[in-house]
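Have your viewer ready and keep the selection tool at hand. We will go from stop to stop, with a short note on what to pick and what is there.

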Amino acid sequence: MPDDITVLVNGRTLAVPQGATVAAAIVTAGTYCRDSVKGEPRTVLCGMGICFECRAEVDGKPHQRTCQIICVSGMRVSTQDRMSR
Amino acid sequence: MSVATYDVVIVGGGIVGVACAYECAQRALRVALIEQDVIGGGATAAGMGHVVVMDDSDAQFALTRYSQQLWQELRRELPAEVEYEQCGTIWVAADEDEMSEVLRKHAYYSRRGVPVEVLRALDLERIEPNLRKGMTGGLLIPEDGVLYPPCAAQFLLESALLKGATLYSGSTVSRIGSGQVYLSDATTLSAAVVVNAAGASAPALTPGIEVRKRKGHLVITDRYPGFVHHQLVELGYLKSAHSVNADSVAFNVQPRQTGQLLIGSSRQFGAEHKDVDQEIMWRMLQRAQEYLPALAKTSAIRAWTGFRAATPDKLPLIGQWPADPSVYLATGHEGLGITTSLATARLLADQITGKASAIPIEPYLPSRMASLEHAHA
Amino acid sequence: MTANKQFDVLVVGGGPAGLAAAASAAQHGVRVGVVDENPNLGGQIWRQGIGGTNTEAENWIRKLRSADAEILCGMRVFDYPTPNVLHAETHDDLVELRYRKLVLATGARERFLPFPGWTLPNVMGAGGLQALVKSGFSIAGKRVVVAGTGPLLLAVAAYLHSHSAQIAMICEQVSLRRLAKFGFSLLSHPDKIAQGRYLRKQISGVPFVPSCWPVAAEGQGTLRAVVISRGEKFERIECDFLACGFHLVPNVELATLLGCRLRNGFITVDEFQQTTVPNIFCAGEPTGIGGVELAVTEGQIAGHAAAGHPKSARTLFRDRRKLRKFGEVLERTFALRPELREVPVAETLVCRCEDVTYARLKAQPSWRAAKLQTRCGMGPCQGRVCGPQTEFLFGWSADSVRPPIFPARVENLGRMLPDIAPAYSETLRGPQ
């Protein structure tokens, strides 16, 4: 799509529409955002920045609420699968 | 008006109160414990939950070391929720002066059989890479630990109940004295021994106790596993704990088993309200960031306060209250309530049952207060 | 520290109520700012998303811009260090916002209720899934069950349908009888009927089932199917997404922190939308869940009043009265049925931040004890998800609010500006 930009989700490139959130990118990539305290997979719940389930690492910063972050070309997103353990 | 009779009635369900209940129940005494709100809901819940040795005085050392060993013995029985972790403490030296203090402590603890290790600058950098570069070194005390206090208190309570203790939950005590405990619902409990373990509120029940509220702040972050591996304390912590009248902050960070970072510490006298004091919190966090610069960008999810029970000589009150022989005190533990709760319970139960204690009891006896000169900073 | 901004009227929240308040205040020539933590204005219900436009929102935003109001997006208010000052965090900085008058338009969030499997990926809020799609996720060809309660369900189903989702079913826990009463009461709100009919038309062909609610979500690592309770039976529906929300909960944390009084969980306001704190106003869902039009009307009233123009505010009182009635009908209609309390089983997670099960919470005597013993409510959501659940399940009410009301960076907590700090420092002496 002409208005798409590219981001990296867990090292893999992904095209997303401009203006898309990192959360949308993660779900589009077919993966989930983080592992819970007990190791369960979790992803977007509230979509509005209050539940903290969509936390992932963005450009090296952990615990970012991805539903509140707009993708920027070249952004590196790492889902927090190992972080919560 | 109903009267129930016990051997020991303990007022206050904080860590000290429940430890005393547990110990007394273990010795087959008929015990009642009264807690007006949530078990461990006062300073116990607010504190850092460290189990540490301190060398501010020989008496403080004796009590903390004895109690720490008791925690280690109890460890196997502690459920997972108590999160007992022997992470060790590192007293961090920021300059040569503090390094000589490290060496002094090393000698002090070594002589008394506490495993300790001096860390030079490179050692420190290697094992705690998030510490600001340029620290001179530190003292590692590997047997120090942390736990999660509310669950520890709950475990001790449940253990006490299993041994036959009775809990009066949600009851408020209006008065104690002469072997009687009067509850606000007009129930009276009668006992040979009434233990005031009400922490910072102890003077309200036993007027004349020299216990003052000493407010503290804490902040906890989201999970950053591996950010620090040991409890980290600055040597200035003792200066802060020492100063009697001033407000002070000192660096003290603890890794919790959850991977969250618990950041302290602060001390204030004369602050009666529970609200977070913005300026104190700011100064405390600034101090912490001086030692751990990477803390700056971590996510702080909660901040809260608590009131320590502080005595003029920084030692707790454990034993009979001279003005009323039926009243025993188990209070005034300042920042060492979790650590010394188990030893406090032993010493108290020893005195109630006329047994000799494992350590000298004189430094903690309430009767010492009469002849004590009040220390001023 | 980037910015230090001062306003005559500061509006917190850029949704319908906030936009209306800010624009209304701004038209009187006073200095107005509107702050919202989302990257764009519109809040939830007017969320525009990629390539979407909401005419009403656009109109209000245009009014704002032409009145030179300052728009501050991507800023999250987390504390008030001193009266008349709020601290907000951006991605990189701290912003200080000073105001003479404050309008709180913090909106509402979805209520979630726990059921076995609800934590599986692709079980989302109804508004949550809609927000995700608006934010760039394609739902085309995906099979979706929409469940829970409230007018939001129809709106979300219609939206997803218009984006090529396959809506398998809409499950509304309210009974047909109650819904019929609701429908009947809409006669006094003809625009609502038109709205409803429009939505229904959009999704004609999609089964809409009342007295129906989810009892389990199934799947290994991701959602595969939902089991619903329907009359006396259970039905299993295979699907890719479950959009599930149980109406709305007001966002009252900031107002509570500022000392505004609440009643029944909502902020009490007078006829000018003024709270019990003299220079603080509140408009929209935090004063009572009542829908968009009421929020806009209340916002306008608050904006006019905050800008010192009560006469302009009064002209809207009649509209508000009418719209409040609709709000009351909403509340009555979409009350939660008690059967929903029986849905979680022992291992069902209630607190998602700390993975605390229903069984562990049930054993606790109070919210406070539960917090201390299980850490429920002590995670980053600060009880926003689990609080309403435990309130419904156990009747617990949350305790007081402390700063930070949103997680904030350690470097920003208690941070003092140069001109505030000296006043505070005076009160402190000491070796440190």
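Before the first selection, a word on burial: a residue counts as buried under 20% relative accessible area, as exposed over 50%, and as partly exposed in between, with a 1.4 Å probe and protein chains only. This is a predicted model, in which local features need pLDDT of at least 70 and side-chain atom pairs count only at pLDDT 80 or more, while totals for chains, interfaces and linings use all residues. Residues are numbered from 1 along each chain as its sequence is written, chains are lettered from A and ligands numbered from 1 in the order in which they are written, and side-chain values use heavy atoms, with hydrogens and water left out.

**Stop one: rings in chain B**

Select Phe61(B) and Tyr109(B). Their rings form a tilted aromatic pair, 5.8 Å centre to centre with 50° between the planes. Phe61(B) sits in helix α3 (residues 58–74) and Tyr109(B) in helix α4 (residues 96–111), so the pair ties together parts of chain B that are 48 residues apart in sequence. Rings of Phe, Tyr and Trp (its six-membered ring) pair if their centres lie within 6.5 Å; planes under 30 degrees apart are stacked, over 60 edge-to-face, and the rest tilted. Helices here are DSSP runs (H or I, at least four residues), as are strands (E, at least two), numbered from the N terminus.

Are these two residues buried or exposed? Phe61(B) is buried at 8% relative accessible area, and Tyr109(B) is buried too, at 0%.

**Stop two: rings in chain C**

Now pick Trp367(C) and Trp396(C), another tilted pair, at 6.5 Å centre to centre and 55° between the planes. Trp367(C) belongs to helix α12 (residues 367–374), and Trp396(C) to the loop between α13 (386–394) and β22 (408–409), so this pair links parts of chain C that are 29 residues apart. Trp367(C) is buried at 7% relative accessibility, and Trp396(C) is buried at 8%. Over all chains, the whole structure holds 12 aromatic pairs.

**Stop three: backbone features**

Most residues other than glycine have a negative phi, and most peptide bonds are trans.

- Select Gly264(B) and Ser265(B): a cis peptide bond joins them, with omega about 5°. Ser265(B) is part of strand β15 (residues 260–269) of chain B.
- Select Pro403(C) and Pro404(C), which are also joined by a cis peptide bond, with omega about 0°. Pro404(C) lies in the loop between α13 and β22 of chain C.
- Select Ser178(B), a residue other than glycine with a positive phi of about 50°. Its place is the loop between β9 (173–177) and β10 (180–183) of chain B, and Ser178(B) is exposed at 61% relative accessible area.
- Select Arg375(C), not a glycine either, whose phi is positive, near 75°. Arg375(C) is in the loop between α12 and α13 of chain C and is buried at 9% relative accessibility.

**Last stop: a charged patch**

Which residues form the positive surface patch? Select Arg177(C), Arg178(C), Lys181(C) and Arg332(C). Patch members have over 30% relative accessible area and no salt bridge, and like charges are joined within 9 Å; a salt bridge is a side-chain nitrogen of Lys or Arg within 4 Å of a carboxyl oxygen of Asp or Glu. Helix α5 (residues 176–185) of chain C gives the largest share of the patch, 3 residues. Lys181(C) is in that helix and is exposed at 59% relative accessibility.

How values were computed
Patches are made of residues with over 30% relative accessible area and no salt bridge: like charges are joined within 9 Å, nonpolar side chains (Val, Leu, Ile, Met, Phe, Trp, Tyr) within 5 Å. Accessible areas come from the Shrake-Rupley method with a 1.4 Å probe; for residues, only the protein chains shown count as cover. Lys and Arg count as positive and Asp and Glu as negative; His and the chain ends are not counted. The place of a charge is taken as NZ of Lys, CZ of Arg, CG of Asp or CD of Glu.
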